[in-house]
Structures are given as C-alpha cells and as structure tokens.
Amino acid sequence: MLNNTWTQSISQVLGWAYFVLWSLSFYPQVLHNHRRRSTEGFSVDFALLNLLGLTAYTIFNACFLFSPVVRAQYAQQHPQSPEPTVRWNDFIYALHGSLICCWISSHFLCARFWNFKSKPQRASVSTLVVIWSCVGVVTLAILWALVSASWEWIDVVYMVGMIKVFLTAVKYTPQVVMNYWRQSTAGFSIGAILLDLAGAALSLMQLVLDSSLQADWSGTVGNGAKLLLGNITVLFDIIFIFQHFVLYRERPLRGKQGLSEHDPLLDSGNDSVIIST
C-alpha cells in the first residue's frame, strides 16, 4: 500500500513536471519572434498544423476527463483498469498549448498588427489538404457514430487522438525541410526543442508508471495517443538538435561568422537583410 502511495506521488510529480516543461516550450519561439519582429526561419505550416493538433488533443483529453459516456465505455473495454490514464495535466497542457499556438499563428496571419517585418508566408497546398482532410475525417466519424450501432463515441475520441498523433508526425516535417533548404536553424528556437524533449521523456515515464501501478499494461495502449505522441516528439526533437548543433552549427556566411538564433535580421553596417544560404 505504501509503495502504491509513493508511486502515485511520483506519477503526479512527473505529470506536472512535464506539464511545466511542455507548457514553457511554447514561449521561446514566441519571444524569439517578438524580439526579432520576424517569423523568418519559422514555418507557417508547422505553426498551423501544431494548432490543429493541440486542439484535437484538447478535445481528446476533455472527453476522457468529463464525458461519462466515454469513461463508461473505456471501463467496459478495460475492466482490469477502468480508470483512464488521462490526467488533468494532460488537459491543461493541451488547452494552454492551443491558446499559445493561436498567438503564434497570429504572427503570420496578423504580421502588421505585431509590426513584424518578415516576408509573409502562405500555408502550402499540402498543409491545407491535411487540415481539411482531418476535419472531414472527424465529421464522418461523428456521423457514423450517430447512425451505426457498431461505432461508439469512444471510437470517435480515439479517432481524434490518432489525428493528433498523425499531425505530430507531419507537423515537424515542414520545419525540418525549411532548415535543410536554408542550411540553417536561425529563426527557429532550439530552446523550445530542448524543453519539448525533456517534457516528452517525462510524459512517457508517467504513462509507464501509471500502467505499472494498475498492474495492467493495457492502460498504455488505452492511451495510445500519449504513447505515440511522446515517442514521435522524441524522434523529431533529436533531429532538430542534430541539425542545430551538428549539421548547421555556426555556418560561415560570405566570409562572416554564421548566423545564430540571437543574431538580428538586419546588419547594422548597411541595413541589408542577411539571408542564410
């Protein structure tokens, strides 16, 4: 009994620790954009896909926390561990992240309001297709749950969770590609990635700990969204870290020292825009 109490306490500490780290990970990019008054080097596709993904994750967590129907269906599917492994910190993180992503997206959509001087970016056709496809899939899933006896509301929630997983796998790709074409990570905050990586590791640790506490590893699969999100996040964060610290570290630029994320966009000597090549 004492061991279970300690395990629950550790789980709560891990949960709120990764909540803090992941929540803080949104701010370096926001502050970075405002300090430079530019979104140069940061992908609009990444921002929009992240916003949609976190909105889906907010809905996913809210359903498991607040919907009696979804909770009852989960308990029926997992009789040995009827309590969902979704926690309050999961919901608060997702809701907070959605709001911050709205803020970041406004840097692109309302650049004049923020007095940003970077060239406007438009979302790619592929990103728009992905966004509308995700909306269409959820709409069809809801309609199918209304007319089909074989499809429960928890299946719709799982669908929303898998959309978040899909968007997490997709959203990083535009930023990875942008860094590759620019041969630089200037404009993309590595501080956000380091916080993101630490948060993902703690999130996975909490999920494993909660499942072991219930003596039923189906709790891990039952919260597959959280399991996959953590692993995908770790993978892409490692790619970004490798790009920043190894591939494109302080690349020389026309005989000058390479740009870092702290360098201004304008050269103080001739007020010309410095573009990474």
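Here is a walk through this structure, from overall confidence to a few spots worth a look.

Keep in mind that this is a predicted model. Averaged over the protein chain, the pLDDT comes to 84, and 84% of the residues reach at least 70. One stretch to read with care is residues 252–277, where the pLDDT is below 50. In the model, that stretch still has 47 contacts beyond near neighbours in sequence.

Now for the record. An unreviewed UniProt entry lists "transmembrane region" for residues 6–27, 48–71, 91–111, 123–147, 153–173, 185–208 and 228–248. How do two of these spans look in the model?

Next, find Ser 25, in the loop between α1 (2–24) and α2 (27–36). Is Ser 25 buried or exposed? Its relative accessibility is 10%, so it counts as buried, the cut-off being under 20%. If you skip the neighbours within four places in sequence, Ser 25 is in contact with Ala 192, Leu 195 and Asp 196.

On to charge pairing. How many salt bridges does the structure hold? There is one: Arg 71 pairs with Glu 83, and their closest N and O atoms are 2.9 Å apart. The two residues are 12 apart and link distant parts of the chain, with Arg 71 in helix α4 (residues 68–77) and Glu 83 in the loop between α4 and α5 (88–109). Arg 71 has a relative accessible area of 24%, which makes it partly exposed. Glu 83, at 41% relative accessibility, is partly exposed too.

Val 69, Leu 140, Ile 142, Leu 143, Trp 144, Leu 146, Val 147 and Trp 153 make up a nonpolar patch of about 810 Å². Which helix gives the largest share of the patch? That is α7 (residues 125–147), with six residues. Leu 140 is one of the patch residues and lies in helix α7. With a relative accessible area of 58%, Leu 140 is exposed, because the cut-off for that is over 50%.

Key:
Residues are numbered from 1 along each chain as its sequence is written. This is a predicted model: local features need pLDDT of at least 70, side-chain atom pairs count only at pLDDT 80 or more; totals for chains, interfaces and linings use all residues. Side-chain values use heavy atoms; hydrogens and water are left out. A salt bridge is a side-chain nitrogen of Lys or Arg within 4 Å of a carboxyl oxygen of Asp or Glu. Helices (H or I, at least four residues) and strands (E, at least two) are DSSP runs, numbered from the N terminus. Buried means under 20% relative accessible area, exposed over 50%, partly exposed in between (1.4 Å probe, protein chains only). UniProt positions are given in the numbering used here, feature names are shortened, and annotations may be inferred rather than shown by experiment. Contact means heavy atoms within 4.5 Å. Patches are made of residues with over 30% relative accessible area and no salt bridge: like charges are joined within 9 Å, nonpolar side chains (Val, Leu, Ile, Met, Phe, Trp, Tyr) within 5 Å. Accessible areas come from the Shrake-Rupley method with a 1.4 Å probe; for residues, only the protein chains shown count as cover. pLDDT is the predictor's confidence in each residue, from 0 to 100.
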